[in-house]
Amino acid sequence: MNSTTSSQIAKSSTRGDSVGVLSLRIFLRETRMECLRLLRAPSFSVPTITFPALFYVLFGIVLGPPHSDAMLARHTLALFIIFGTLAPGLFGLGVTLAMDRDRGLLQLKRALPMPPGAYLGAKIAMAMVFSGVVSLLLLLIGLTVAHVMLDVYQCVKLFGLAVFGVWPFCGMGLLLGTAVKGAAAPALLNLVYLPMSFLSGLLIPLHALPKVFTYLAPALPPYHLSRLAFSIVDETGSASVLHAVVPLLMAVILFVIVCLRLQKLR
Amino acid sequence: MHATHSLVATLEKVRKRYGATTALDGVDLQIESGKILALLGPNGAGKSTAISVLLGLVDPDGGRAQLFGQSPHRLAARRRIGVMLQSATLPETLRVGELVELTATYYPDPKPLAETARIAGIGSLLKSPCGALSGGQLRRVQFALAICGNPELLFLDEPTTGLDIEAREALWRSVRDLVQEGSAVLLTTHYIEEAEALADRVVVLMGGRVLTQGSVDELRAQNLKRQIRCISRVDAEEVRTWPGVSAATRRDRWLEIEAPAAEIIVKRLFAADAELTELEVQRAGLSQAFVKLTQESQA
């Protein structure tokens, strides 16, 4: 632009120096707002936080394994912690992205000077926070009500697995969020959430299902995450590195597809 | 803020097609600092696409868009703009104050929250959840989000839709104040009187092309007709035969005449009916000029 003064361009470059600090501040504020936004939405926060705990109390403790079977009790808690990671990623990201697209909020955010990645990054961070909270609640119930025997190190590792294990579900939620309307998103996400929970052996042991499902389960991230969780709670247990690589790879592939789709939707 | 009016944003021969539809066909646009540019045009004229290209939301098929001499995709350029889009709704569970503070963090030198709230008239709404706002309140909050970053260029897309007259005039005052401080404004509106009240320059888009542009007065001058209204018993059909009369119609007791030169017609009216009353002579407004221009273009 010929008439643009050089001082104007210089001004913008000077402002560009603080982009790193500004970006971090924006990301943290955006994450806080995303957490508040969903915490204040009872239709999301109540089922996401309390349902895994209620299911655990009902099916894992009251109707669950006998207290004498310590190993089974630890496995049950581990499974419900993984179950608790599904909803924050799927519903927290899928529904809000679909709604933001529908209602023009995503368009506005793109027009505003928000650093690239802050929008999706904040949503993923929100899901990690919610998943962490759910896992803490489950650990608290498991340790106090069900008297599950875990040391601090195991608890920290389970918490870490819950926080980072949410990533593939974030990818799935985002992918659906780029494809469906806001009003349709919850119903469609339920079609993923519940079958995936059953078919990966989180709510029903795989050996209780027809044999074909044992072959299908490794295609689903919860299967691998539950194997990692078992390796944490089993004192002598160890898990193949594949159980960590597969969900991570799935998450990365899904994030790349989501970014490409969002670029295309512009 | 700015001693001289420099270009802050431009479209240069921008072309954009959506399938078989040409949204923009070689559009040139210049936005100067300290000036308000109104973009007018009927639905489908290409206004929204022009704004989307300038904001970097849509990439043009040809030509070039620049904000402060840079691509609109550059964060450094967008950190100098404020945006009020027509369609954007806000997260229902977040409070107004939280949202304004969040948006202000996107900018290196934002206005204090209290100042933004004062200018946008949302002081009493800061603790309200966005989901509890009326349509007019929502527009004011969106205006607050647009100005909170101290922008040098403000995009206002239908800013006063849903506002009552008092709130609309308050927003106009705020826009004028921002322009006085040196900000540039790109305004799209369906209210011609809004463009008439605010704009320094008007660009009329039609079918993806710039139909005409100029100051409000220059556009008005393209429609030189005067409108004469009075209560008179003179026959409209007779008036239509008078030299210099473009049109004459009767609506009940009212006689309405269009003529480029009103004085001669008024003199003749008094000669024909000395008892005529309620005489009004009006110059064509921007609205009539706009209608004339777009009708001529479609003909």
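What pattern does chain A follow, read along the sequence? Chain A follows α-α-α-α-α-α-α-α-α-α-α-α.

## About the model

This is a predicted model, in which local features need pLDDT of at least 70, side-chain atom pairs count only at pLDDT 80 or more, and totals for chains, interfaces and linings use all residues. Residues are numbered from 1 along each chain as its sequence is written, while chains are lettered from A and ligands numbered from 1 in the order in which they are written.

## Chain A overall

Chain A has 12 helices and 0 strands; helices (H or I, at least four residues) and strands (E, at least two) are DSSP runs, numbered from the N terminus. Its C-alpha trace spans about 80 × 35 × 35 Å along the principal axes.

Of its 266 residues, 43% count as buried, meaning that 20 or more other C-beta atoms, placed from the backbone, lie within 10 Å of the residue's own. Among contacts in chain A with a separation of 6 or more, 79% come from residues 24 or more positions apart. A contact here is a pair of residues whose C-beta atoms, placed from the backbone, lie within 7 Å.

## A helix pair in chain A

Let's look at helix α7 (residues 152–164) and helix α11 (residues 221–233) of chain A: their axes come within 9 Å and cross at roughly 170°. The axes are lines fitted to C-alpha atoms over the stretch in contact, with angles from 0 to 180 degrees between N-to-C directions. The two helices are therefore roughly antiparallel to each other (an angle over 145 degrees).

From α7(A), the contact uses A:Gln154, A:Lys157, A:Leu158 and A:Leu161, and from α11(A) it uses A:Leu225, A:Leu228, A:Ala229, A:Ile232 and A:Val233. By class, this contact has 7 nonpolar, 1 polar and 1 charged residues. Ala, Val, Leu, Ile, Met, Phe, Trp, Tyr, Cys and Pro count as nonpolar, Asp, Glu, Lys and Arg as charged, and the others, Gly among them, as polar.

## Helix α4 of chain B

On to chain B, where helix α4 (residues 113–120) has B:Thr116, B:Ala117, B:Ile119 and B:Ala120 as its buried residues. Seen down the axis of α4(B), these fall within an arc of 165°, so they line one face of the helix; the arc is that of the directions from the helix axis to the C-beta atoms.

The cover over these buried residues includes α3 (96–104), α5 (135–147) and α6 (165–180) of chain B. Just after α4(B), B:Gly121 takes a positive phi of about 70°.

Conventions
Angles under 35 degrees count as roughly parallel, over 145 as roughly antiparallel, 65 to 115 as roughly perpendicular and the rest as oblique. Two residues are in contact if their C-beta atoms, placed from the backbone, lie within 7 Å. A residue is buried if 20 or more other C-beta atoms lie within 10 Å of its own, exposed if 12 or fewer, and partly exposed in between; C-beta atoms are placed from the backbone.
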